[in-house]
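User: I would like to learn how to read a few features of a structure. Please take them one at a time, with the general idea and then the case.

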Amino acid sequence: MTDSVPKDTTKLARQFIEAIPYARELGMNLEEISDGRAVISMAYNKDLIGDPESGVIHGGAVSALMDTCAGAAVMSHPETPFSTATLDLRIDYMRSATPGHAITAIAECYHVTRTVAFVRATTLDEDTDRPVATATGTFTISRGK
């Protein structure tokens, strides 16, 4: 008896991201996904501003982008799940994203156990030498029967 279901992980992860209503509302765009790595961008949107004086995007939108990208990385990993959910996501905000510019999250699922996947993520804007935020997270693994 096997504890996993053969699947096209990339196709499933892409469908998952594209079906999430909040991802659509935030303007997330899946740029790349394969073998435990995902890249998702989010265009600058005045509706997401957290500080009206500076025009900086709210940290909650950055957090949602990183969580979604990390989950996509887990789902695209060759050894992982039919589905996943966030157990823990620790985000370090390094600086404000530059107003008027898109931000991009890059996530890598670097280790998988029977029940948990481990992920690192970085969010960048046009200044790719200085991250906007970094994150580490753990995600559940739900294997199909």
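User: Is helix α3 largely enclosed or open, and how many of its residues are buried?

Analyst: This is a predicted model, in which local features need pLDDT of at least 70 and side-chain atom pairs count only at pLDDT 80 or more, while totals for chains, interfaces and linings use all residues. Residues are numbered from 1 along each chain as its sequence is written, and side-chain values use heavy atoms, with hydrogens and water left out. Helices (H or I, at least four residues) and strands (E, at least two) are DSSP runs, numbered from the N terminus. Buried means under 20% relative accessible area, exposed over 50%, and partly exposed in between (1.4 Å probe, protein chains only). In α3, 14 of the 18 residues are buried, so the helix is largely enclosed by the rest of the structure.

User: What span does α3 reach?

Analyst: The expected span is 1.5 Å times one less than the number of residues. Helix α3, residues 59-76, reaches 26 Å between its first and last C-alpha, close to the 26 Å expected.

User: Where does Asp125 lie, and is Asp125 buried or exposed?

Analyst: Asp125 sits in the loop between β7 (116-124) and β8 (133-140). Its relative accessibility is 6%, so Asp125 counts as buried.

User: Which side chain makes a polar contact with that of Asp125?

Analyst: A polar contact is a pair of N or O atoms within 3.5 Å; within protein, one must be able to donate a hydrogen and the other to accept it, and residues adjacent in sequence count only if both atoms are side-chain atoms. The Asp125 side chain has such a contact with the side chain of Arg95, at 2.6 Å. A polar atom of the Asp125 side chain also lies 2.9 Å from the backbone nitrogen of Thr98.

User: Where is Glu53 found, and is Glu53 buried or exposed?

Analyst: Glu53 belongs to the loop between β3 (49-51) and β4 (56-57). Glu53 is exposed, at a relative accessible area of 81%. Its C-alpha is 24 Å from that of Ser41, 12 residues apart along the chain.
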